[in-house]
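Here are a few friendly notes to read alongside the model. Take them one at a time, with the structure open.

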Amino acid sequence: MKDFLVLMERHGNIMFIGRERELDKCNKLYEQGKFELFILYGRRRVGKTTFLKEFCKDKDTIFYSAEQSNSKMNLKKFSDIIFEHYNEKNIEPFSSWERALLYINEKQTDKQLVLVFDEFSKFVEGYPKENFAGAMELLQNLCELANGSK
């Protein structure tokens with residue numbers, strides 16, 4: 001990706017300029033209608049989050065941006081975002097990341113979803129090291145399940 005992203009305001013609307021080639025590549029992956037894992041990384045303050053929001057704007061998306069907090073607080077925030085996405089009300093937060101991801105997997109049986117974990121480094125910082133490997137293994141297993149390789 002380029003090292004910059006230009007946003008311009010015109011008549012009160014933000015215009016996304018640049019990165020059309022990268023956006024086109026992501027949209028082509030999405031249009032294939034199969035599971036894809038896309039990792040976007042780079043220097044701070046170059047427009048990664050804005051790029052992801054632009055890509056997601058017309059798609060069924062759960063967009064989670066981790067905070068510099070502990071795992072429990074991040075899980076509560078992720079739970080709230082999931083419940084809001086599925087119009088669920090008065091539900092207790094998930095007891096584990098595994099349950100949250102399995103819930104999404106159950107809900108999305110017949111339609112495509114973009115699941116964004118933004119600020120992943122903040123998520124990692126707040127996660128108990130002894131449980132982190134298990135969470136990543138679960139994510140890998142769900143990716144394989146979604147891809148039909150399990």
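Which residues of the largest nonpolar core touch the most other members?

1. They are Phe78, Ile82 and Phe94, in a core of 15 residues. A nonpolar core is a set of buried Ala, Val, Leu, Ile, Met, Phe, Trp, Tyr and Cys residues joined through side-chain atoms within 4.5 Å; buried means under 20% relative accessible area (1.4 Å probe, protein chains only). Strand E3 (61–65), helix H3 (71–85) and helix H4 (97–107) each give two or more residues to this core, and H4 provides the largest share, 5 residues. Helices (H or I, at least four residues) and strands (E, at least two) are DSSP runs, numbered from the N terminus.

2. A word on the model: it is predicted, local features need pLDDT of at least 70, side-chain atom pairs count only at pLDDT 80 or more, and totals for chains, interfaces and linings use all residues. Residues are numbered from 1 along each chain as its sequence is written, and side-chain values use heavy atoms, leaving out hydrogens and water.

3. Now look at H3. Its buried residues are Ser71, Asn74, Leu75, Phe78, Ser79, Ile82 and Phe83. Among the elements covering them are E3, H4, strand E4 (114–118) and helix H5 (120–125). After H3 comes asparagine 87, with a positive phi near 55°.

4. Arginine 19 sits in the loop between strand E2 (13–17) and helix H1 (20–31). The side chain of arginine 19 reaches the backbone oxygen of valine 46 at 2.9 Å.

Conventions
Buried < 20%, exposed > 50% of the residue type's maximum accessible area, 1.4 Å probe, protein only. Polar contact = N/O pair within 3.5 Å; in protein donor to acceptor, adjacent residues only side chain to side chain. Contact = heavy atoms within 4.5 Å.
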